[in-house]
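Biologist: Could you take a close look at one part of this protein for me, the nonpolar core, and tell me how the chain around it is put together? I am new to this, so please go step by step.

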Amino acid sequence: MSYQHILLVTDLLSDADIVAQRAKRVMKGSPEAKLSVLHIVKDDMVRFGYELVPASSLSGDTDAAHWQEARAKLAQFLERNDLQATNTKVTAAISNSKGIINYSRENEVDLLVIGRHERHGVAAWLVGATADSILPNAPCDSLVVKLNQPVPE
């Protein structure tokens, strides 16, 4: 099967290059595919009645220091891994999994590539891995790259 639109999701941690190289390998098998790269920044949430909304989407403040830093890190990540992405996006979402699922649906992604860190102790019980919450709802094929190191606390 040849993919048309591959989405690489990155947390930009030190082992993100492993996931990038796996996506690059898949791209070789689907030379016509376009590559999108998504990074979701942590953002403050504002409550409107029963709904949560990222604060940056209300204020338009995507030029704050943490947004600029995320964009710079993403550019370095792409260059370091020699990735030619059709679309790169740094965004905020209520949750990483919700943001990834929504992006995949809205942009007709047919392969999602994401890394999965192990979590231990309280973090595993409370949060779990983002990949675990995405897979049951993913609207497309998924490639989950197992990363050996636990997520930094």
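Modeller: Happy to! One term to begin with: two residues are in contact when heavy atoms of theirs lie within 4.5 Å. Please keep in mind that this is a predicted model. In the protein, 75% of the contacts with a separation of 6 or more are between residues 24 or more positions apart.

Now for the overall layout. The protein has six helices and seven strands, and along the sequence they follow the pattern β-α-β-β-β-α-α-β-α-β-α-α-β. Of its 153 residues, 41% count as buried.

In soluble globular proteins, nonpolar side chains tend to be buried together. Here the largest nonpolar core has 25 residues, and I6, L8, F77 and V113 have the most contacts inside it. At least two residues of this core come from each of β1 (5-9), α1 (16-29), β2 (34-41), α3 (65-80), β5 (87-92), β6 (111-118) and β7 (141-150). Another core lies apart from it, with 13 residues that include V9, I101, L112 and C140.

Let's zoom in on F77. Setting aside neighbours within four places in sequence, F77 touches L8, T10, L12, A16, D17, A20, V37 and L83.

Technical notes. Residues are numbered from 1 along each chain as its sequence is written. This is a predicted model: local features need pLDDT of at least 70, side-chain atom pairs count only at pLDDT 80 or more; totals for chains, interfaces and linings use all residues. Side-chain values use heavy atoms; hydrogens and water are left out. A nonpolar core is a set of buried Ala, Val, Leu, Ile, Met, Phe, Trp, Tyr and Cys residues joined through side-chain atoms within 4.5 Å. Buried means under 20% relative accessible area, exposed over 50%, partly exposed in between (1.4 Å probe, protein chains only). Helices (H or I, at least four residues) and strands (E, at least two) are DSSP runs, numbered from the N terminus.
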